[in-house]
Amino acid sequence: MFQIRIHGRGGQGVVTAAELLSVAAFIEGTHAQAFPSFGSERMGAPVVSFCRLDDKEIRLREPIQEPDALIIQDTTLLHSVDVFQGLKTDGFIVINSTRTFVELGIADFIGKFPPHHVCIVGATELAMKHVQRPVPNAALLGGFAAISGRLHMNSVAEAILEKFPGAVGEANVAAATEAFDIAKAA
Amino acid sequence: MFKQMEGSEAVAKAVALCRPEVVCAYPITPQTHIVEGVGALVKDGTLVNCEFINVESEFAALSVAIGASAAGARTYTATASQGLLFMAEAVYNAAGLGLPIVMTIGNRAIGAPINIWNDHSDSMSMRDAGWIQLYAETNQEAVDLHIQAFRLAEELSCPVMVCMDGFILTHAYERLDIPTQEGVDAFLPAFEPVQVLDPDDPYSIGAMVGPEAFTEVRYLANDTQLQALKLIPEISGVFKDVFGRESGGLIHEYRTEGAETIVIALGSVNGTIKEVIDHMHENGAAIGSVSICSFRPFPLDELRDALTGAKRVVVIEKSLAPGLGGIVASNVRMSLRGASLPVYTVIAGLGGRTITMTSLQEVFEAAAEDRLPDLQFLDLDHGAVEHEIVRARRTRRSGPTAEHILRQKAGGLSK
């Protein structure tokens with residue numbers, strides 16, 4: 001089983017990101033279970049969502065406590081929530097930022113992971129460029145697909161288009177594809 | 001056809017496939033988006049010949065459902081938590097009148113203190129209202145149980161609650177197989193009501209019944225539930241014939257053969273329990289589980305058979321009878337009358353408390369050595385409750401308990 005935990009704030013599409021991951025996995029014939037952390041949803045509040053991938057039926061219902069991958073949509077959470085809690089030592093980390101790990105103050109921690117398992121993507125800026133809205137979720141999925149190799153970019157794109165048919169979906173696919181290329185090149 | 005979708009959306013589609021003629025709901029919290037999904041299917045023309053009625057409260061929702069069902073319409077609604085309590089009087093009436101309404105309960109806790117998260121307090125509060133209560137273990141089973149529920153309700157003229165864990169199932173995206181319309185049409189015949197309010201042939205229902213006949217009416221309500229004990233497995237069998245999938249029935253056994261410890265639970269926590277059981281089997285533990293799908297009627301005999309040979313039973317339950325302990329455990333004990341094996345009650349997952357594999361395994365291992373108390377609260381913060389008990393004893397005007405516990409948890413001071 002491969003487990004992904006996504007951290008962000010209400011309004012950034014955290015729950016949708018987990019859903020899209022699960023749909024992309026489904027397209028590839030993988031069993032997937034996506035669910036949000038449950039609470040009183042409100043804009044700006046810390047939100048967590050989860051996605052499990054497996055080659056058999058997923059029966060486990062507990063929240064993901066030891067993720068194989070983390071997607072961090074908002075770096076303001078880094079010093080208020082223990083976003084890295086339980087992350088496996090060879091885990092994957094995708095962070096939405098235009099700053100470096102050093103500037104974010106987490107270089108020492110990040111240094112413990114294999115270099116090709118971590119990446120920073122300016123997903124909000126990519127979203128502004130392509131979607132004209134500061135929703136970083138789709139772009140970060142492109143970054144995740146690039147470094148984890150768990151999902152093909154094509155499946156992520158297909159999932160995005162299924163959820164958001166038409167121009168909005170196309171724009172998000174463009175953001176995700178650019179993020180994928182950036183993460184691959186890094 | 002398989003599709004990755006959310007539990008609520010899937011149930012909305014399943015309900016629509018059953019061709020309800022009236023769907024009424026109060027769409028404000030506590031509500032899942034199931035009725036919103038059904039409403040969308042009515043609006044976009046997918047679900048035809050169906051009137052979607054927005055009402056002003058849950059009491060009105062079920063009252064309108066009662067009226068519609070009494071007029072001969074296949075009727076559906078959904079609610080949860082405080083919403084179910086607010087419709088309580090109508091819940092009893094629907095059963096007393098023998099109206100085959102199907103209602104989803106997206107299981108949630110009941111206040112006070114206010115809590116929007118999952119447990120089984122809501123549906124458990126209505127367990128003896130005369131409805132059939134089915135608990136879904138997975139979203140696939142939730143989908144399938146709704147389709148079975150209409151057939152069951154209409155064959156027996158008895159309302160059915162399909163209970164599915166709020167959030168844990170309703171908000172989870174999974175790979176689900178939504179049956180075809182042709183399949184559902186073949187499985188579920190058109191509704192042929194046994195009583196219809198008809199202006200051309202007027203009669204009244206819900207009449208006053210005095211002491212001379214009330215007992216007989218109640219006897220027959222119990223008899224209906226006993227008939228359901230036979231019908232539920234039959235319908236589950238027909239469902240399998242049509243759709244090729246095991247769903248529903250009275251109970252599901254998992255690795256019970258040769259098991260010395262058997263765990264019993266309702267709903268989605270059974271998935272996590274199975275994972276723990278598989279893990280413990282790797283180390284040679286003799287443990288299995290039983291998921292109770294039909295809580296009302298309660299399958300006394302089937303459960304007794306399933307527990308034959310076990311040395312102990314652990315009931316994991318998401319509700320509490322204050323002053324008694326476990327509700328499910330009490331029912332389980334009744335199925336074991338005459339037998340002398342211990343039944344341990346473990347109250348878990350209250351108000352959305354996470355139930356982890358680690359905590360379950362600790363409890364199961366303690367049970368295997370008969371080291372469990374009769375009643376235990378999973379992952380209880382003993383320090384917090386003891387501190388509060390001492391504090392409340394010390395001061396007459398000790399104030400509200402819930403707020404004090406919250407303050408303690410936040411690390412704040414309390415007098």
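This is a predicted model: local features need pLDDT of at least 70, side-chain atom pairs count only at pLDDT 80 or more; totals for chains, interfaces and linings use all residues.
Residues are numbered from 1 along each chain as its sequence is written, chains are lettered from A in the order in which they are written, and side-chain values use heavy atoms, with hydrogens and water left out. The model scores ipTM 0.95 and pTM 0.96.

**The interface**

- Chain B puts 27 residues into the contact (heavy atoms within 4.5 Å) and chain A puts in 23.
- Together they bury about 2100 Å², 57% of it on carbon and sulfur atoms; buried area is the accessible area (1.4 Å probe) that two parts lose on being put together, summed over both.
- In chain B, Q4(B), Y173(B) and R175(B) lose the most area to chain A, together 29% of what that side buries.
- The rule finds ten residue pairs in polar contact across this interface, both at pLDDT 80 or more. A polar contact is a pair of N or O atoms within 3.5 Å; within protein, one must be able to donate a hydrogen and the other to accept it, and residues adjacent in sequence count only if both atoms are side-chain atoms.

**Salt bridges between the chains**

- Four salt bridges (a side-chain nitrogen of Lys or Arg within 4 Å of a carboxyl oxygen of Asp or Glu) cross the interface of chain B and chain A.
- K3(B) forms a salt bridge with E162(A), with the closest N and O atoms 3.8 Å apart. That pair runs from strand β1 of chain B to helix α6 (residues 153–163) of chain A; helices (H or I, at least four residues) and strands (E, at least two) are DSSP runs, numbered from the N terminus.

**Salt bridges inside chain B**

- K274(B) meets E137(B) at 2.7 Å, N to O. K274(B) is in helix α10 and E137(B) in the loop between β6 (132–135) and α7 (139–156), so the pair ties together parts that are 137 residues apart in sequence.
- Both K274(B) and E137(B) are buried; buried means under 20% relative accessible area, exposed over 50%, partly exposed in between (1.4 Å probe, protein chains only).
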